[in-house]
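Here is a short report for a first look at this structure. Keep the 3D view open while reading.

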Amino acid sequence: MSTQGQSVSMLPMRLPSTLPGRLGKVTTLLATVVLFLAALPILTMIAMSFSASDTLEFPPHAYSLQWYRAAWHTFVSPDANSALSMGTALGTSLMVAVSTMLIATLVSVPAAYALSRYRFRGKPAVEQLVALPLVYPLVMLGLSLLLVFNVLPVELGMFRLIIAHVILALPFTVKNCAASVASIGPEFEEAACVMGASPRRAMIDVVLPLMRPGILAGMLFAFIISFNEFTVTFFLYSIDTMTLPVWLYSRTVSSLDPTVFSFAVFIVAIDFALIWLLEKLIGDEGVAL
Amino acid sequence: MTHLALQAVTKRFGAAHAVDNVDLAIPDGKLVCFLGPSGCGKTTLLRMIAGLEMPSAGSITFAGRDITHTPANQRDFGMVFQSLALFPHMTVAENIAYPLKLRKTPRAEQTRRVTELLELIQLPHMAERPVTQLSGGQRQRVAIARAIASSPKLLLLDEPLSALDAKLREAMQVEIRLLQQRLGITTIMVTHDQREAMTMADVIVVMEKGRIAQVGKPLDIYRDPVSEFVADFIGLGNILPVTCDERGGVNLPGGMPITVASPVRASGAAGDLRLLIRPEDVHVRTGVGAGVAAPRANCLPGTVTFIRDVGASLEATIDCAAFTLTAATTPRETPGLALGMPVLAELPVHACKLIAARTKAAVH
C-alpha cells in the first residue's frame with residue numbers, strides 16, 4: 001500500500017521526464033519520415049544526374065559525369081533540333097523572375113502598408129483577393145489568363161508571364177510586407193512627424209528601413225516562385241518566351257535522358273543559394289544591404 | 001502670458017467622449033502633469049496638442065496662433081513616446097540628429113549639437129552606439145535628447161517612464177525635472193502615477209472621464225481636493241461618509257459629531273458629503289484605558305488592528321467601531337504602539353475637510 005501511495009505521489013515528478021521523452025521519440029520518427037519524403041525528389045534527381053546509364057534507369061547501376069558533360073554541351077552549343085537553347089530559356093526565366101520580383105514588391109509595399117494601417121471600405125475583400133491565388137487551381141488560372149490575353153488587341157510577349165507570376169507571388173510578398181508593417185507600430189512614424197517629417201519623409205526615413213526584412217523576404221519569395229513556376233507558364237509561354245522549367249519539360253518530352261537532371265541540379269542549387277541568402281539577410285539584422 | 005491654450009477641446013471616438021470640453025492654459029516654462037486613471041483622456045489630450053489627433057470640437061492656440069488643424073510636423077514640438085520610439089536602425093547620434101537633419105541644419109552644427117546634448121544627458125562617447133544596445137535608462141535619456149534637439153518651444157512626455165523599474169524611475173523623475181528647470185522648457189507630461197506627478201509637476205491637471213477634475217499646484221490639490229475622486233486619486237486618505245444635521249453640525253458614521261475646518265463647499269450642500277483627513281494628520285494618542293471618554297472634541301477612541309512599520313515610517317489602522325482610520329506616523333513618535341492597543345485618534349479641526357461624494361452615474 002505504502003509503495004503504491006509513494007509511486008502515485010512520485011507521478012507528477014516523473015511525468016516531465018518520461019512523457020516528453022516518449023513524445024520526443026514519436027516526433028523524431030515523424031520528422032524523419034517527413035524530411036525524407038521532402039528530400040526524396042532532390043536525392044533522386046542528384047542520383048540520376050550522376051548516372052552512367054543511357055536511360056532513365058533507377059537506381060543507376062553506375063555513376064559518371066557524362067550527363068553533366070552533355071548538359072554543358074547543350075548549354076554552350078544547342079543542337080539543331082532543339083528549337084531553343086537552354087541559355088535563352090535561362091535568360092527569359094531570369095528576366096521574368098527579376099521583373100516579377102520588382103513589380104510584386106512595388107505593389108506590395110504600399111498595399112501592405114494600407115492593409116495594416118488603415119480601415120477602408122472593402123478591406124476584407126481586398127485581403128481575400130490578394131490571398132486568392134493560393135487556393136486557385138493553377139490550371140484554371142493559366143487557362144483563364146490565356147483566354148483573356150488572346151482577346152487583347154496588343155501582344156504582351158514576356159509580360160504575359162510576368163503578369164501571371166506577379167499574381168502568384170502577391171500573396172507571399174503582401175503577407176511578408178504586412179507582417180513587417182504590423183511589427184513596426186505607428187509611434188515610429190508619429191515620432192518622425194512630431195520631429196518635423198512629412199508623412200512621405202517618415203515613410204522613407206523610418207517605415208521602409210524598418211520594413212526591410214519583410215520586403216527582402218517578399219522579394220526572394222517572388223523570385224523563387226517565378227523562377228520555378230511551371231503550370232501557369234505552360235499555358236502562356238510562346239516559342240520566344242520559354243522559361244527554364246518549361247524548357248526542361250519540353251526536353252523531357254522530346255528526348256528522355258538524364259541531362260535534365262543535371263540541369264535540375266543546377267536550378268535547385270540556385271534556389272538553395274537564394275534561400276540561404278534569405279535566411280542570412282533576415283535572420284541577422286546586422287547585415288546591411 | 002500663456003503660450004498654449006485649449007478652448008473647449010473635445011474628442012469623440014464614435015459616441016464616446018474621450019476628451020470632453022476641456023479649457024486649459026499652460027503657463028510658460030512650467031512642467032504640467034496630466035494625471036488620471038487609464039481611460040480618463042489624458043493621452044488623447046496630449047496627442048491633440050501634439051497634432052497626432054484632431055479635436056472633434058474646440059481650438060488649440062500656441063503663441064497666439066491657432067494650431068488646431070496644423071499638422072504635427074509643422075508644430076515644432078518635441079515629444080517622448082511611451083515606447084520611446086527610438087529608431088532601431090539608427091545610432092544614438094543619428095537618432096538625436098534626426099530632427100536637425102529634417103531642418104537642414106548644417107552638418108557641423110548637427111555634430112556640435114549632438115555632442116552638446118550627449119554631454120547634457122551624461123552619455124558622451126555613446127554617439128556611435130546602435131540604440132538597441134543601450135540600457136533602459138540610457139534609451140530614456142536619448143529619447144529626451146532627441147525630443148529637445150531642435151530646441152522646441154514645448155516638450156510633450158507621454159508616460160515616458162512607465163517602462164522603467166521603480167528605482168530607476170524615481171531617479172529619472174528627478175533627472176527630467178532638473179533638466180526641464182535648467183532649460184526652462186514648457187513641458188506637459190502624462191502620467192497615471194500620482195507620486196510621479198507630485199515629484200515633478202509645477203501644476204497638476206487631474207482628469208476624470210475626459211473632463212478636468214481639478215487644476216492646481218501639487219500640494220494645493222493634495223491638501224484641498226475638490227472631490228472624493230481627486231482626494232482618492234492623489235495620495236492616501238481617510239474618506240468617511242458624513243451626514244449633516246439641520247443645525248449645520250456634521251456627524252460621523254455612528255453618529256459621532258465632528259468639527260470641521262471648512263464649511264460645506266458652496267455647491268454640494270444638499271448632496272452626499274465625505275470627510276477627508278490625510279493619514280499624517282491623524283494623531284495617535286497612546287496610554288489611554290479602554291472605554292475612556294474623549295477628553296476633547298475630534299478625539300475618537302479606537303483599537304489598533306494593523307501596524308505597517310517600515311522603519312522610516314509607520315502606518316496604523318485604527319478600528320473606531322463604525323469605521324476605520326489609517327494614521328501615518330513614525331516609529332519614534334509613537335513608541336510602544338502595539339496591536340490591540342486602545343488609542344485615541346485625534347483629528348485636528350484644520351485638517352478635516354468636507355468634500356463632495358463621488359457621483360455614481362457617468363456624466364454623459
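## A helix pair in chain A

Helix α6 (residues 158-184) of chain A packs against α8(A) at an angle of about 160°, and their axes lie 8 Å apart. This is a predicted model. Angles over 145 degrees count as roughly antiparallel, so α6(A) and α8(A) are roughly antiparallel to each other. The crossing of α6(A) past α8(A) is right-handed.

Which residues make the contact? From α6(A) they include A:His165, A:Leu168, A:Phe172, A:Asn176 and A:Ile184. From α8(A) they include A:Val207, A:Met211, A:Pro213, A:Gly218, A:Phe221 and A:Ile225. By class, the contact of α6(A) with α8(A) has 16 nonpolar and 7 polar residues. No charged residues take part in it.

## Where chain A meets chain B

Chain A puts 14 residues in contact with 16 residues of chain B. On the side of chain A that touches chain B, two or more residues each come from α7 (187-194) and α8 (199-228) of chain A. The most come from α7(A), which gives 6 residues.

What is the make-up of this side by class? The side of chain A that touches chain B has 9 nonpolar, 3 polar and 2 charged residues.

## Domains of chain B

The domain assignment divides chain B into three parts. Domain 1 covers 2-223. Domain 2 is written as 237-278 + 351-356. Domain 3 covers 281-349.

How far apart are the C-alpha centres of domain 1 and domain 2 of chain B? They lie 39 Å apart.

Definitions and conventions:
Residues numbered from 1 in each chain as written. Chains lettered and ligands numbered in written order. Predicted model: local features only at pLDDT ≥ 70, side-chain atom pairs only at ≥ 80, totals over all residues. Domains from an automatic or database assignment. Contact = placed C-beta atoms within 7 Å. Helix = DSSP H or I, 4+ residues; strand = E, 2+ residues; numbered from the N terminus. Nonpolar A, V, L, I, M, F, W, Y, C, P; charged D, E, K, R; others polar. Axes fitted to C-alpha atoms, helices over the stretch in contact; angles between N-to-C directions. Parallel < 35°, antiparallel > 145°, perpendicular 65-115°, else oblique. Left-handed = near helix turned anticlockwise from the far one by under 90°.
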